[in-house]
Amino acid sequence: SDHMENIYGYLMKYTNLVTGWQYRFFVLNNDAGLLEYFVNEQSRHLKPRGTLQLAGAVISPSDEDSHTFTVNAASGEQYKLRATDAKERQHWVSRLQICAQHHTEAIGKSNPPLKSRSFSLASQGSANSPGVQRRPSQNAVSFFNVGHHRLPTGKRVPIMQPDHLVDVREMMSQAEGQQRDLIRSIECLPASGHLTSLDQDLLMLKATSMATMNCLNDCFHILQLQHASQQKGSLPAGTTISWLEPKISLANHFKNGAAQNFPAEINKPASVREEQSIAEPCQLTREPEEINPDEELEDICDDKEDDLGAVEEQRSVILHLLSQLKLGMDLTRVVLPTFILEKRSLLEMYADFMSHPDLFIAITNGSSPEERMIRFVEYYLTSFHEGRKGAIAKKPYNPIIGETFHCSWRMPKSDVATDAGTNSSAHSPSEQVTLPKDPEGQAELDYYTVKFVAEQVSHHPPVSGFYAECVERKMCVNAHVWTKSKFLGMSIGVTMVGEGVLHLLEHGEEYTFSLPCAYARSILTVPWVELGGKVNINCAKTGYSASINFHTKPFYGGKLHRVTGEVKQNMTNTVVCRVQGEWNSVLEFTYSNGETKYVDLTKLSVTRKRVRPLEKQGPFESRRLWQHVTESLRDGDIDKATEHKRALEERQRNEERLRAETEAPWCTKYFLKDGDGWVYHKPLWKTVSAAQTQQTDSN
């Protein structure tokens, strides 16, 4: 080929989390089919620092940016590279792809297909038999013979006819049975010795066999859809199509990595059948429901999360999971083990960020734009301790699409700081607002009410919308968050993509803000959580902004959970407040007048939220939806919790598949799409504006 030319030059190569990106000199050797790299161009005559065989490799541009791309070798090794610009990336990608294709085809021509072999587990015999004694150089996968079936020479593969789907399903059922036997055989191996059930190669074999069967089932489903679409035009009116469902559900193969039996539907717990049989959400009422705060009771649920501690007893589950992951892999569709779950939904976690409503309400009582921005920063930084439940490395439930969560807080007026910094609730005449009266209308209430609602508005990507308001103080916050998780080696990173806006209607101010990233560290030893990244808070009207840095711990030394930030006036570039400390411990605020304020989050009072009892909640409200999972986790029954969790997720997948087949859009209940974001359907700024317009008209 004219394009089979040797190219060379500098690229950035990602090494690891500690070292990060480094410049290296790369050489594409087309004749040998190798990608080699050196420390620099001067060391090119020396032995390469690294070499990748390009035969069978996959070269793909990254969707992170226009400069990055990856080279995935057939051996499983991966290079993550970055060019200086999009043009240079395209040059490298195209040349690497041509070279990889050339050498892959060359290998295919010189190596005929493997001979047919039976699918069977090697005979183990007695402990002294040669079949059990594994030589150090022997690969564990060689203990298993996987069938490769070769077509007779000269015969073409016949075109698949619709009536052949039944035969295909039968063959797949046999393969599923063989795959289950393989898994059981691996898991029956001893926990110690030359060949164990935790052998790295065997864990990889378990993962790849499972992935293969999942892929085959996806392909089979596509054939079903194609078959149905072809028949829709030829079947007489009124004819129904009977879907050819798999006889064995692959999702039920494992509970935390263990082999399982496959009981009949009638043997399932009634709660599981209930979870699977709840009607399609769009067939339920999707009209917004007005929640009466008087129906809500102070939350008595106190689910303290136990530390995961050492995960030795779950190591086989984690290793099985890690064997399926690659560096930088998106974990959105990866099902994580049940034992790492918190006993709450992600939507309720967002509500727990509001556990200091006194600080939230006090924002609007600030006497100046500067003080209001500082108060918002103080509230923002104190919200993560309760929202994250400290530094425990557990994960909330992934919300089901259409899931909602409602709650409220009642805050005594005497506990809310005013513009003077006291705990009196008096307002200046210009800030007087109409306060609600009790149900009998006899007297003004002595507390403020903050109402909260959250909804999972999208499944892929997973997007949550949440909204909170205090009508008496004419303030509300609206936010949408898309959680993107990635595998980072021995850590898991979660990026919170989205934006929130705080509206202070008494002052006509809007504060935009974002959320930091979260990281689960040391997932094979004692897992822990830290926050990281830079967030910004801006108020366009007043010109005040805040820049906050959540610092991740350095590899050597340094403090955990450190945060620093500053508030400044953009017009004059004057810093009016600096903050430092730990987001789950003590924060220090230093003001421009020299004063210093300390906030000890461990001693900060938490206001309990108010929620409706389970019997009054709708079927898609978080606590009722996940109640059986939560109860099982409280009882320490991980297998039962996994079964209930799987039933909910399977129902969601079936509903999503049905909507895709019928091209039916999803109907949200409380939030409306607004550009790239989501907005509450009846925000306070619209209500107040309408009321003011009506009052003006009446005058």
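The legends below describe close-up views of one predicted model. Residues are numbered from 1 along each chain as its sequence is written, and side-chain values use heavy atoms, with hydrogens and water left out. Because this is a predicted model, local features need pLDDT of at least 70 and side-chain atom pairs count only at pLDDT 80 or more, while totals for chains, interfaces and linings use all residues.

View 1. Helices (H or I, at least four residues) and strands (E, at least two) are DSSP runs, numbered from the N terminus. Two strands pair if DSSP finds at least two bridges between them. Look for Tyr-10, whose bridge partner in strand 2 is Phe-25. Strands 2 and 3 form a hairpin with four residues between the strands. Gly-33 in this hairpin takes a positive phi near 70°.

**View 2. Strand 18 pairs with strand 17 and with strand 19.** Strand 18 (residues 475-487) is mostly covered, with 10 of its 13 residues buried. Buried means under 20% relative accessible area, exposed over 50%, and partly exposed in between (1.4 Å probe, protein chains only). Strand 17 (residues 463-470) runs antiparallel to strand 18, and eight bridges join the two. Ser-464 has Val-481 of strand 18 as its bridge partner. Four residues separate strands 17 and 18 in their hairpin. Lys-474, in the turn, has a positive phi of about 50°. Strand 19 (residues 492-504) is also antiparallel to strand 18, joined by 13 bridges. Across this pairing, Ser-485 stands opposite Val-494 in strand 19.

**View 3. The largest cavity has a lining with no charged residues.** A cavity is a set of points, on a 1 Å grid over the protein atoms alone, where a 1.4 Å probe fits but cannot get out. Grid points are joined across faces, edges and corners, and a volume is the space filled by probe spheres set on the points. The count comes to four cavities of 30 Å³ or more. The largest has a volume of about 190 Å³. Its lining has 14 residues, and those nearest the centre are Phe-353, Met-354, Tyr-379, Phe-466 and Phe-513. Lining residues have an atom within 4 Å of a point. Helix 8 (residues 369-387) gives the largest share of this lining, five residues. By class, 13 lining residues are nonpolar and one is polar. Ala, Val, Leu, Ile, Met, Phe, Trp, Tyr, Cys and Pro count as nonpolar, Asp, Glu, Lys and Arg as charged, and the others, Gly among them, as polar.

**View 4. Helix 10 is largely enclosed by the rest of the structure.** Six of the eight residues of helix 10 (residues 627-634) are buried. They are Gln-627, His-628, Val-629, Thr-630, Ser-632 and Leu-633. Gly-636 follows the helix, with a positive phi near 75°.

**View 5. Helix 11 spans 36 Å between its end C-alpha atoms.** Helix 11 has 25 residues, 638-662. The expected span of a helix is 1.5 Å times one less than its number of residues. Glu-663 follows helix 11, with a positive phi near 55°.

Note on methods:
On a 1 Å grid over the protein atoms alone, a cavity is a set of points where a 1.4 Å probe fits but cannot get out, and a pocket is an open set with protein on both sides within 12 Å along at least five of seven lines; lining residues have an atom within 4 Å of a point.
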